[in-house]
Amino acid sequence: MHYLRRLERVFLVSVFLSMVVLFSLNVLAREVGGTFASQLAWVDEAVRLMNIFLVFGALGLALERGRHVGIDTLREALPRAARNTIRKIVDAVGCLFCVYMTYLAYQLVVFVLNTGQTSPTLDLPMGWVYMAPVIGFGLLGFRYFLSFLSIIDRFGPDENDDENPSVEGTRS
């Protein structure tokens, strides 16, 4: 899990920094103007597509760190046994939902690739854009599965597991 987390973080930071650099370059080109700005018309589309991968790529990490939106007042007021049962049900339903969404997203990838659609300025096959939900829901479902098996504790305290070896056993 340590390597997966690190790979996800490197991917997310790289995509985000690339978006910042590209968008800043695009703004600068528009300020300078001229034909140089029209040569960078692809940047807007590239940043939008990168944002899609950024959002879906962060789903698994957000769940593992307990960053997803949830109403926990009632759940936390329940006795420990009932609370743990509800958590397992939520993990199981979440995992099944993610598996189904991954399947649907994959079917969409295949369908759109077969249509031959390409992005207007990047000339990228649009089916590859739909890989973001396949990857994102796949990683999210994997985290729900690990939480269901109690391999990770997504309800635990918010600690940085890479710098705190005491948490490594509970979140790896």
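Ser150 lies in the loop between helix H7 and helix H8, the latter spanning residues 165-171. In this predicted model, Ser150 has a positive phi of about 65°, although it is not a glycine. Most residues other than glycine have a negative phi. Is Ser150 buried or exposed? Its relative accessible area is 51%, and because the threshold for exposed is over 50%, Ser150 counts as exposed.

A second residue deserves mention alongside it. Asp123 is found in the loop between helix H6, residues 80-115, and helix H7, residues 131-148. Its phi is near 55°, again a positive value in a residue other than glycine. Asp123 has a relative accessibility of 57% and so counts as exposed.

Ser150 also leads us to the pockets, for it is one of the residues that line the second largest pocket. By class, the lining has five charged, three polar and two nonpolar residues. The space in this second largest pocket amounts to about 160 Å³.

The largest pocket holds about 430 Å³ of space. Its lining consists of 15 residues, and those nearest the centre are His68, Gly70, Arg75, Arg154 and Phe155. Helix H5, residues 73-77, and H6 each supply at least two residues of the lining of the largest pocket. The largest share, three residues, comes from H6. In terms of class, six of the lining residues are nonpolar, six are charged and three are polar.

In soluble globular proteins, nonpolar side chains tend to be buried together. Here, the largest nonpolar core has 11 residues in all: Leu12, Val15, Met19, Leu22, Ala29, Leu40, Val43, Val47, Met50, Leu54 and Leu61. Two elements give two or more residues to this core, namely helix H1, residues 2-32, and helix H3, residues 42-57. The largest share, five residues, comes from H1. Which residues does Met19 contact, leaving aside its neighbours within four places in sequence? They are Val47, Met50, Asn51 and Leu54. Apart from this core lies another, of seven residues, including Cys98, Phe137, Leu140 and Tyr144.

How values were computed
Residues are numbered from 1 along each chain as its sequence is written. This is a predicted model: local features need pLDDT of at least 70, side-chain atom pairs count only at pLDDT 80 or more; totals for chains, interfaces and linings use all residues. Side-chain values use heavy atoms; hydrogens and water are left out. A nonpolar core is a set of buried Ala, Val, Leu, Ile, Met, Phe, Trp, Tyr and Cys residues joined through side-chain atoms within 4.5 Å. Buried means under 20% relative accessible area, exposed over 50%, partly exposed in between (1.4 Å probe, protein chains only). Helices (H or I, at least four residues) and strands (E, at least two) are DSSP runs, numbered from the N terminus. Contact means heavy atoms within 4.5 Å. On a 1 Å grid over the protein atoms alone, a cavity is a set of points where a 1.4 Å probe fits but cannot get out, and a pocket is an open set with protein on both sides within 12 Å along at least five of seven lines; lining residues have an atom within 4 Å of a point. Grid points are joined across faces, edges and corners, and a volume is the space filled by probe spheres set on the points. Ala, Val, Leu, Ile, Met, Phe, Trp, Tyr, Cys and Pro count as nonpolar, Asp, Glu, Lys and Arg as charged, and the others, Gly among them, as polar.
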